[in-house]
Amino acid sequence: MSAFVSRFILGGDGPTVAVKDSIDIEGFPTRAGSAALEESAPAAAHADVVQSLLDAGWRIVGKASMHELAYGMTGINQWAGTPVNPQDASLIPGGSSSGSATAVGGGEADGALGSDTGGSIRVPAACCGVIGFKPTFGRVSRRGAWPRESSLDCVGPFAREMAVLNRLMAAIAPGFDEAAAGVPMAGARIGVLAQNQMQRPGSDPRGLTPDSASDFGQQIATPVREALAAALAASGWHTQTVELAGMQAAFEAGLTIINRETWNAFGNLTKRGQLGADVERRLLLAATTTDAQLLQAEQVRERFTAAVDRALAQVDALALPTLPTLPPSLAEVDAGASVIATSALVRPFNLSGHPALSIPIPVPGSALKAGLQLVGRKGDDERLCALGLHLQQVLRHAASPNNL
């Protein structure tokens with residue numbers, strides 16, 4: 001299945017870019033991967049980021065597929081079709097920006113735009129073996145993106161090369177210093193999250209929250225842990241273990257807030273028989289989110305944001321896996337396997353608003369690549385991209401035949 005819901009050419013003769021179908025392009029309907037929006041009128045104007053791409057000479061090559069209403073982590077879409085994971089066709093492409101990641105990973109575009117409310121750029125980037133970046137919240141305009149109101153969502157880029165990702169950021173983020181981001185940052189202090197804080201939640205029959213605190217008890221899978229350790233060793237960075245309290249609470253709070261905000265945006269589409277069963281079920285459950293739960297989640301947001309700021313005070317970035325495991329297979333998900341853990345390590349940083357970058361890293365003994373996530377200080381997006389550039393270069397050098 002194609003990464004695109006529609007193919008067309010728009011813009012200059014620069015690098016090619018795909019745009020997620022939750023971002024308005026004038027003259028084209030924004031359907032957000034949903035039959036419920038199939039009859040939507042064409043957008044009356046470009047989203048700010050689309051206009052910025054065109055002004056910078058990028059060549060838009062189509063609207064990319066996505067998990068329905070950007071409300072899911074697998075990328076599976078029975079109505080629009082599920083894009084094929086370029087790493088392994090049997091695995092989920094990840095969501096919600098599945099088409100954006102597969103278009104880049106499959107070589108159908110040099111770069112892509114997606115959106116990230118609870119990991120929706122970083123998760124598919126890690127699944128598909130490409131780079132994905134969630135900028136600092138508010139750094140990139142969301143005008144013309146869906147949902148219209150969000151305290152979590154960020155528009156951001158995908159690419160195979162950090163140089164291309166930096167160029168995309170320079171186009172869509174006012175004031176982004178591409179020159180600074182283009183200097184590989186070799187001498188860095190990196191805080192590696194303590195293993196006991198990189199645990200992942202267990203399954204929930206509702207697919208919304210862990211059943212209890214004890215469900216956060218499974219550790220990072222061995223192949224991912226080994227890949228992270230090898231990549232950090234190759235980086236040459238000075239690493240130190242960092243404690244970051246509140247990951248579980250931040251994960252749960254992020255779910256609470258996304259549930260309320262997604263219900264506010266799309267609740268009117270329920271009970272029409274047009275939504276996929278999974279999205280319909282989760283939206284109706286999201287409708288039960290109480291004001292008291294939302295208030296508690298906002299209190300967690302304040303505490304966790306401060307905790308991340310403290311953890312970053314003595315280091316240039318935090319490092320942890322993007323996903324706690326390698327991507328599950330389509331068959332496993334179809335058989336009912338829980339995917340709640342997919343966002344366990346990414347969702348907390350939507351809550352806090354810090355920039356986060358997922359870089360593909362080799363997995364020892366496997367043809368697959370995992371994702372290494374770097375989290376930086378708010379507004380320090382250029383430093384994070386410079387770190388990503390260095391890591392990509394050293395890993396590529398290490399994999400060169402002359403160095404094997």
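Guide: This is a predicted model. The protein chain exposes about 14900 Å², and carbon and sulfur atoms supply 51% of that area. Buried residues make up 59% of its 404 residues.

Visitor: What helices and strands does the protein chain have, and why is it called as compact as a globular protein of that length?

Guide: The protein chain has 12 helices and 11 strands. The C-alpha trace spans about 55 × 55 × 40 Å along its principal axes. Of the contacts with a separation of 6 or more, 76% are between residues 24 or more positions apart.

Visitor: Which residues touch the most other members of the largest nonpolar core?

Guide: They are Ile23, Val49, Val50, Leu53 and Leu387, in a core of 54 residues. Helix α12 (residues 381-399) gives the largest share of this core, 8 residues. Another core, of 26 residues, lies apart from it and includes Ile220, Ile258, Phe304 and Leu351. In soluble globular proteins, nonpolar side chains tend to be buried together.

Visitor: What is Ile23 in contact with, leaving aside its neighbours within four places in sequence?

Guide: The contacts of Ile23 include Val49 and Val50. Also among them are Thr30, Ala47, Lys63, Leu113, Gly114, Gly144, Ala145 and Val155.

Visitor: Why does Ser100 count as buried?

Guide: Buried means under 20% relative accessible area. Ser100 has 0% relative accessibility, so it counts as buried. Ser100 lies in helix α2. Not counting residues up to four places away in sequence, Ser100 touches Lys20, Ala64, Ser65, Ala112, Leu113, Gly114 and Phe158.

Visitor: What makes Leu69 and Ala70 worth a remark on their phi values?

Guide: Neither residue is a glycine, yet Leu69 has a positive phi of about 55° and Ala70 has a positive phi of about 60°. Leu69 is found in the loop between β3 and α2, and Ala70 has its place in the loop between β3 and α2 as well.

Visitor: Are Leu69 and Ala70 buried or exposed?

Guide: The cut-off for buried is under 20%. Leu69 has a relative accessible area of 4%, so Leu69 is buried. Ala70 has 14% relative accessibility, so Ala70 counts as buried.

Visitor: Which peptide bonds are cis, and what are their omega values?

Guide: The bond from Gly95 to Ser96 is cis, with omega near 10°. Ser96 is found in the loop between β3 (59-64) and α2 (98-105). The bond from Trp146 to Pro147 is also cis, with omega near -5°. Pro147 is placed in the loop between β5 (131-134) and β6 (154-159).

Visitor: How do you know that the span of helix α9 agrees with its number of residues?

Guide: Helix α9 (residues 291-312) has 22 residues, which at 1.5 Å a residue should span 32 Å. The end C-alpha atoms of α9 are 32 Å apart, so the span agrees.

Visitor: Why are the buried residues of α9 said to line one face of the helix?

Guide: The buried residues of α9 are Ala297, Val300, Arg301, Phe304, Thr305, Ala307, Val308, Ala311 and Leu312. Seen down the axis of α9, they fall within an arc of 165°, so they line one face. What covers them includes β8 (238-242), α7 (247-266), β9 (317-321), α11 (347-352) and β11 (369-375). On the other side of α9, the exposed residues are Asp291, Ala292, Leu295, Gln296, Glu302, Arg303 and Arg310.

How values were computed:
Residues are numbered from 1 along each chain as its sequence is written. This is a predicted model: local features need pLDDT of at least 70, side-chain atom pairs count only at pLDDT 80 or more; totals for chains, interfaces and linings use all residues. Side-chain values use heavy atoms; hydrogens and water are left out. A nonpolar core is a set of buried Ala, Val, Leu, Ile, Met, Phe, Trp, Tyr and Cys residues joined through side-chain atoms within 4.5 Å. Buried means under 20% relative accessible area, exposed over 50%, partly exposed in between (1.4 Å probe, protein chains only). Helices (H or I, at least four residues) and strands (E, at least two) are DSSP runs, numbered from the N terminus. Contact means heavy atoms within 4.5 Å. The expected span of a helix is 1.5 Å times one less than its number of residues. The arc is that of the directions from the helix axis to the C-beta atoms. Accessible areas come from the Shrake-Rupley method with a 1.4 Å probe; for residues, only the protein chains shown count as cover.
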